[in-house]
Amino acid sequence: MIGGGKKYRSVLYKILDIVFIGTLLAAVLVFFVFFFAMVNNGVPDETAWKYALGSTLFLVLAWFVGPVLIIQLLIERTVLKPIKGMTKRLERMSEGDLDTPLEIEGDYEIKTLGEAFERMRLSLRALIRRLKKYES
Amino acid sequence: MERGTLLTRLTIYVTAGSLFSIVITLGVLYVVLVITGVPLEKVPKVMLYSGGVIALAFTLPIFFVRALLYKLLIEKIDKMAEIMDRVSKGDLETPVVPETNDEFGKMAEAFEKMRVSIKEMIEKLEGHIDRRR
């Protein structure tokens, strides 16, 4: 690996790290909001404590199973899948296959990137073809 | 070229997720308040205050997440497109150095391999042509 021996780690995990810290902070906040909402309205401390902890744990689980997982999936599909596809095509290109067009669906920046990729492939192919014609 | 549109779309996903989280959190709060026997006439007021705090705590990080997504994804995509445009203009000399150890770093590595192999191919062909002259 060229990247100085760094181990491969998906962008998704980097995002997940931050989300994890954020979730912990949110969990602490939600716990206290729940606790004081109950205590201030005459619920005994022990009961309030139990209910606040229980619902916080349930909510952390719900946040992760719901929004966090879905957002990760969407990022994977809209951004990372095309990037992986292009990486594979780049590997084929270094083996000399310049003729297979890139088939990647995507929007906005990904589309722009795909177009730049195709422009590059066509310009390299034209260059090589011209040289091959001179040679023969 | 329109700028930052992919980021807008991702921000919409994150915002939807955060709204959903607020709704389930407040739903659970309501249930808990009712179960623990908080007087029903007090519930709306408590919900309003706690709801305000929770809503604020869940919406502010959206901007942070947006900045993070820009740094981790969009910036890298733009840079890659820039490099590809440079190569299509004929510059095969500038090396591409992977900066991260993620999908984009891997792509930069594959790109560098491709650049070197194409460059070698071209040099070989040019060598053949030169010898013929």
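A: The centres of domain 1 of chain B and domain 2 of chain B, taken over C-alpha atoms, are separated by 47 Å, where domain 1 covers 1–75 and domain 2 covers 92–133, with bounds from an automatic or database domain assignment. The model is predicted, and local features need pLDDT of at least 70, side-chain atom pairs count only at pLDDT 80 or more, and totals for chains, interfaces and linings use all residues. Residues are numbered from 1 along each chain as its sequence is written, while chains are lettered from A and ligands numbered from 1 in the order in which they are written.

Helix 2 (residues 43–88) of chain B packs against helix 3 (residues 103–132) of chain B at an angle of about 10 degrees, with the axes 11 Å apart; helices here are DSSP runs (H or I, at least four residues), numbered from the N terminus, and axes are lines fitted to C-alpha atoms over the stretch in contact, with angles running from 0 to 180 degrees between N-to-C directions. The two helices, helix 2 and helix 3 of chain B, are therefore roughly parallel to each other, a term for angles under 35 degrees.

On the helix 2 side of chain B the contact is made by B:Lys76, B:Met80, B:Ile83 and B:Val87, which meet B:Phe104, B:Met107, B:Phe111 and B:Arg115 of helix 3, contact being counted if C-beta atoms, placed from the backbone, lie within 7 Å. By class, the residues of this contact comprise six nonpolar, no polar and two charged, where Ala, Val, Leu, Ile, Met, Phe, Trp, Tyr, Cys and Pro count as nonpolar, Asp, Glu, Lys and Arg as charged, and the others, Gly among them, as polar.

Terms used
Parallel < 35°, antiparallel > 145°, perpendicular 65-115°, else oblique. Contact = placed C-beta atoms within 7 Å.
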